[in-house]
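I opened the notebook to look up the ligand site first.

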Amino acid sequence: MTTQILRATTENLSEISKKAGAVIKDGGLVAIPTETVYGLAANALDGEAVKKIFSAKGRPQDNPLIVHITQFSEIYPLVKEVPDSAKKLAEKYWPGPLTMILPKSDIIPNETSGGLNTVAVRCPSHPVARAIIKAAGVPTAAPSANISGRPSPTNFKYVYEDMNGKIDIIVDGGQCSVGVESTVITLCEKPAKLLRPGGITLNQLEDVLGEVTVDDAVLNMLSDGEKASSPGMKYKHYAPKADITIIKGNFSKFCEFLSDKTDCFALCFDGEEQYFENAVAYGKKDDGASQANRLFDALRELDECGAKTVYARDPGTDGVDLAVYNRLVRAAAFKIIEL
Ligand code: TXA
Ligand code: MG
């Protein structure tokens, strides 16, 4: 298949949205920029279209997709009922990087919900994503636009690398701002439970809902046979080719640890690169937003450098750091050394 590349600008936005929207409505696949990461969009109500997403990504069929809408009122046909908690969260954080899980209505096909009786819904804030979904005129299923298991793409280059030749259109909308995927919360349990940390932090959720629990899989490896609340959590994720270990300890201990290692890369914070022979930086120290923005690109850059062994600085787990840590610890297959 020849993949058409469309570069979004303020001037051509309405024209390319019409084109991309029509392809989605007719059952095709379009990669679109969002504020979190690029998504691979298809008509969420069309099971056949959704199947194409799974084959383009090589994604396990039981891993459900997030349905994207452009305003809160569009959630009503997708779910059985809309609790007050959903209204309050949407009022505060939509449009934005927050996904809510609710019992699904019958119009959501099994392909989209991965066979579950719930559906994940998100209202993105990125103007290009919004214009395209609006033009499609249908709720749009969109997982991250990477080959399954690779880091999510946060710019056109990496979407092209993974999806060229497999989908109808890639829309280039530049660099994504958040850089990690949306926060996922299930409202099907009481209290609500955080399944995947992201740009909207645990504190921000608690501000609106009071108590919020955190799924075990956010910070810990699921043991064999343990059932994942979010199917995506059980798969190996965000894995670059390199073998990564997170090193917990301050910078001087980190330097000392690396001093007798050869042939390795440091995955460090901005400005620390100069202390190592091979290094890739993933954002500013003590700045979760900056680390989230850089992490997936840094993981792909390590592959491009041919890195085989990587030691990573510990991002911590406060605020947005929790999202960064959650992705990095999976990229590291939960290998951690405490100094
Ligand atoms: O920021 C994002 O959320 C991006 C952009 C493109 O919007 N999308 C994204 O989709 O990250 P994806 O498919 O890569 O991740 C969706 C996650 C998966 O871990 C999946 O298992 C979980 O959400 N999920 C989806 N529906 C669910 C459901 N009904 N119950 C539990 N987990 C669900
Ligand atoms: Mg993904």
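I take helices (H or I, at least four residues) and strands (E, at least two) as DSSP runs, numbered from the N terminus. The model is predicted: local features need pLDDT of at least 70, side-chain atom pairs count only at pLDDT 80 or more, and totals for chains, interfaces and linings use all residues. Residues are numbered from 1 along each chain as its sequence is written.

**Ligand 1**

I looked up which element gives the most to the shell around ligand 1, and β6 does, with four residues.

Next I checked polar contacts (pairs of N or O atoms within 3.5 Å). An oxygen of ligand 1 is 3.0 Å from a side-chain N or O atom of Arg122. For Ser144, I again found a ligand 1 oxygen 3.0 Å from a side-chain N or O atom. A nitrogen of ligand 1 is 3.4 Å from a polar backbone atom of Ala142. I then looked up cover: the protein hides 96% of the 690 Å² of accessible area that ligand 1 has on its own. Areas use the Shrake-Rupley method with a 1.4 Å probe.

**Cavity lining**

Lining residues have an atom within 4 Å of a point on a 1 Å grid where a 1.4 Å probe fits but cannot get out. For the largest cavity I listed Leu194, Pro197 and Ile200, among others.

Notes: Chains lettered and ligands numbered in written order. Heavy atoms only, no water. 1 Å grid on protein atoms, 1.4 Å probe; cavity = no way out; pocket = protein on both sides within 12 Å on 5 of 7 lines; lining within 4 Å. Polar contact = N/O pair within 3.5 Å; in protein donor to acceptor, adjacent residues only side chain to side chain.
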